[in-house]
Amino acid sequence: MSIRWRLTLFNALAIGLILLVLGLVLFFLLRSALLSDVENTVQSRAVTAARTIESGDALSQDDTEQLTLDGVFVIVRDGRGEVLTQTVSLPQDGEDGEGVWRRALKTGEPASGTAELSRKEGEDYLYAVPVNPPDGSPTGLAQVVEAGKSYGNAEETLEVFGTVLAIGIGTAFLLSLLGAYFLARTALRPVDAVVSSAREITESDLSRRLPVANPKDEIGRLAATFNALLSRLEAAFARREEALVRQRRFAADASHELRTPLTSIRGYTRMLKGWAMDDPRTARESVAAIDRESERMQDLVEALLALTRGDEGAPLDVGRHDLAEVAAEAVEAARTAASGKVSVEYAGGTEVEATFDRDRVRQVASILLDNAVKYTPEGGSVEVRVGEEESRAILEVSDTGAGIAEDQLQLVFERFHRADPSRTEGGAGLGLSIARQIAESHGGTIEVDSEQGKGSTFTLLIPRGDGVP
Ligand code: ADP
């Protein structure tokens, strides 16, 4: 059963039940009030009549009129039960409610009961009071006064009231059923809107949002939460799409980079196979070229592997190391490689302890130094500095080289990006992306500051980690 119908039925049943209970309570309260009104009237008339007789007066015309107001009848009997006065004609069939007056006569106490004396609609209530005649009064006088009244009027009123009540309750129940249905329908209408909108949202169209009719009610909040979920999904899909594009571009770039040395290796081998074997000079040159190209391929493959490992989140082999020592080591190696083309100096910096993977950070230092040497013309200088700033260890490599154009500054960290592809000394454009990846895997960054024609400064910043105040 739908929520709408469940709500409707629950509401209607609850209201119906309340109305019914209220109606019944009301009915029985009124019934008891009406009946006891009849009984009280009858009792007070019987007592009044008895007192009048006891005081020695016979019931006058006036008394009788007073006593029989509102449909009350009075019967006065002597000790043998003979009727002395009666304001109602007793039925011929002998039915005279005898039980009541007899009991009163016998016990000397008032007695009550019901009978059908007045032949009015419904039963009569009877109340008999024994009379104690004043001393010395002759026997054969009044001994018992009986008053009575039909319940008919009260029952009639109750019948009318009951009918009106039943019709009222029935109508109210129907109205509440209708009201509950429309209320449930109105309240749940936004759900239908949400459902039909949600149905229209597909993987390719995650930008759609559900309608939020009232952001403060439950359905509005549900729709808003769903919309937030959609936003997160959309962002996740966009990220996935972006990652796929990047991956595709990476694969294409990698194949392209590998194809160049491969083509030249194949060219030389074909040449060797064809004729160059017989020409020792060409053969030597070809072998040297093949060696050079295969080395380039090897570097490239290693760089690709390093990047892939970084992407996969390969674990770091961290420990407490001195960054100054790592930097000095890298400077030594770079100086040897530069072989006097540019000066490579370690500009100082005392011990800076930090937590890092020594080999990887050494690799970053080498990449930065290689680039500095590579992109600095002869006679220039490269300087390395190590320091600390707040809780970070710093390695700075500056050169007096070509510099990088402002619009290229952030791009140089992209995979396969070369700031100036026309330069022959450049590599595949993977060095800085590996360096940044290593920095980020340590929770650090690499920053660049450069001015074209003047030189560049690359700064590696990594958190010093454990034991740093
Ligand atoms: P590559 O193998 O080309 O050196 P990198 O990722 O290490 O790849 O560097 C990307 C690009 O950034 C280089 O092609 C170069 O144009 C520029 N670059 C890097 N370091 C320097 C530097 N010290 N001075 C000038 N340009 C640099």
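Q: Which helices each supply at least two residues of the lining of the largest cavity?
A: In this predicted model, those are helix 4 (152-200) and helix 5 (218-274). Helix 5 gives the largest share, three residues.

Q: What makes the space of about 40 Å³ a cavity and not a pocket?
A: A cavity is a place where a 1.4 Å probe fits but cannot get out, whereas a pocket is open. The structure holds one cavity of 30 Å³ or more, and the volume of the largest cavity is about 40 Å³. Among the residues lining the largest cavity are Pro190, Val194, Asp217 and Ala223.

Q: How do the residues of that lining divide into nonpolar, polar and charged?
A: For the largest cavity, there are seven nonpolar, two polar and one charged. Asp217 is in the lining, and Asp counts as charged, so Asp217 is the charged one.

Q: How much space lies in the second largest pocket, and which residues are closest to its centre?
A: About 500 Å³ of space lies there. Of the 17 residues lining the second largest pocket, Arg246, Phe250, Asp311, Glu414 and Arg415 are the closest to its centre.

Q: Which helices each supply at least two residues of the lining of the second largest pocket?
A: Helix 5, helix 6 (280-311) and helix 9 do that. Helix 5 has the largest share here, with six residues. Sorted by type, the lining of the second largest pocket has five nonpolar, four polar and eight charged residues.

Q: Which residues come nearest to the ligand, and which element gives the most to the shell around it?
A: Of the 21 residues around the ligand, the nearest are Asn371, Tyr375, Asp399, Ala419 and Leu432. Helix 8 gives the most to the shell, with three residues. Helix 9 (431-441) and strand 12 (455-463) each supply at least two. By type, the shell holds nine nonpolar, seven polar and five charged residues.

Q: Is Leu432 buried or exposed, and how do you know?
A: Buried means under 20% relative accessible area. Leu432 has 9%, so Leu432 counts as buried. You'll find Leu432 in helix 9.

Q: What makes the phi of Ser339 stand out?
A: Most residues other than glycine have a negative phi. Ser339 isn't a glycine, yet its phi is positive, about 35 degrees. Look for Ser339 in the loop between helix 7 (323-338) and strand 7 (343-346). Its relative accessible area is 62%, and exposed means over 50%, so Ser339 is exposed.

Q: Where is Phe416, and is it buried or exposed?
A: Phe416 lies in the loop between strand 10 (392-399) and helix 9. Its relative accessibility is 11%, under the 20% cut-off, so Phe416 is buried. Phe416 also has a positive phi, near 65 degrees, without being a glycine.

Technical notes
Residues are numbered from 1 along each chain as its sequence is written. This is a predicted model: local features need pLDDT of at least 70, side-chain atom pairs count only at pLDDT 80 or more; totals for chains, interfaces and linings use all residues. Side-chain values use heavy atoms; hydrogens and water are left out. A residue is near a molecule or strand if one of its heavy atoms lies within 4 Å of it. Helices (H or I, at least four residues) and strands (E, at least two) are DSSP runs, numbered from the N terminus. On a 1 Å grid over the protein atoms alone, a cavity is a set of points where a 1.4 Å probe fits but cannot get out, and a pocket is an open set with protein on both sides within 12 Å along at least five of seven lines; lining residues have an atom within 4 Å of a point. Grid points are joined across faces, edges and corners, and a volume is the space filled by probe spheres set on the points. Buried means under 20% relative accessible area, exposed over 50%, partly exposed in between (1.4 Å probe, protein chains only).
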